[in-house]
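Work through the two exercises below with the structure open beside you. Each task is followed by a solution in steps.

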Amino acid sequence: MVISGVLTFLNAPVRYYENIFFQNQDRGAVLAGVNAWVFHSGVWLRVSEWDRDAVTPFRARLAGIVSLIVWTCVVVAGRMIAYNWFDKIAK
């Protein structure tokens, strides 16, 4: 996915860089990375305690919900790149 994405971007970098959906996809990917980093540097450190709890900790559930929402937005934005209604460059 990364290889094909980079090759597609290199096909017309200025056009993709100006595309609002491409920008949102990149922001979403960065946000997903930050979410994973926060989860693994904080919440995951206490995973051994989760077996004793009846309910998964709120912060772990929140990280999962944020991850699902952000990755869904990344996928939708990636799909919408082809349908950019705000394209400044004539097709």
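This is a predicted model: local features need pLDDT of at least 70, side-chain atom pairs count only at pLDDT 80 or more; totals for chains, interfaces and linings use all residues.

**Exercise 1**

Task: describe how helices H3 and H4 are arranged relative to each other, and which residues make the contact.

Solution. 

Step 1. Two packed helices are described by the angle between their axes and by the distance between those axes.

Step 2. H3 covers residues 20-41 and H4 covers residues 58-80; their axes come within 8 Å and cross at roughly 160 degrees.

Step 3. Angles over 145 degrees count as roughly antiparallel, and H3 and H4 are therefore roughly antiparallel to each other.

Step 4. The crossing of H3 past H4 is left-handed.

Step 5. On the H3 side the contact includes Phe21, Leu31 and Phe39, and on the H4 side Val66, Trp71 and Met80 are among the residues met. Sorted by class, this contact has 13 nonpolar and six polar residues, with no charged residues.

**Exercise 2**

Task: state the volume of the largest pocket and find which element gives the largest share of its lining.

Solution. 

Step 1. The volume of the largest pocket is about 550 Å³.

Step 2. It is lined by 16 residues, of which Met1, Gly5, Val6, Phe22 and Gln25 are the closest to the pocket centre.

Step 3. Helix H1 (2-11), H3 and H4 are the elements that each give two or more residues to this lining. H1 provides the largest share, six residues.

Step 4. By class, the lining of the largest pocket has 11 nonpolar, four polar and one charged residues.

Note on methods:
Residues are numbered from 1 along each chain as its sequence is written. Side-chain values use heavy atoms; hydrogens and water are left out. Axes are lines fitted to C-alpha atoms, for helices over the stretch in contact, and angles run from 0 to 180 degrees between N-to-C directions. Helices (H or I, at least four residues) and strands (E, at least two) are DSSP runs, numbered from the N terminus. Angles under 35 degrees count as roughly parallel, over 145 as roughly antiparallel, 65 to 115 as roughly perpendicular and the rest as oblique. A crossing is left-handed if the near helix is turned anticlockwise from the far one by less than a right angle, and right-handed if clockwise. Contact means heavy atoms within 4.5 Å. Ala, Val, Leu, Ile, Met, Phe, Trp, Tyr, Cys and Pro count as nonpolar, Asp, Glu, Lys and Arg as charged, and the others, Gly among them, as polar. On a 1 Å grid over the protein atoms alone, a cavity is a set of points where a 1.4 Å probe fits but cannot get out, and a pocket is an open set with protein on both sides within 12 Å along at least five of seven lines; lining residues have an atom within 4 Å of a point. Grid points are joined across faces, edges and corners, and a volume is the space filled by probe spheres set on the points.
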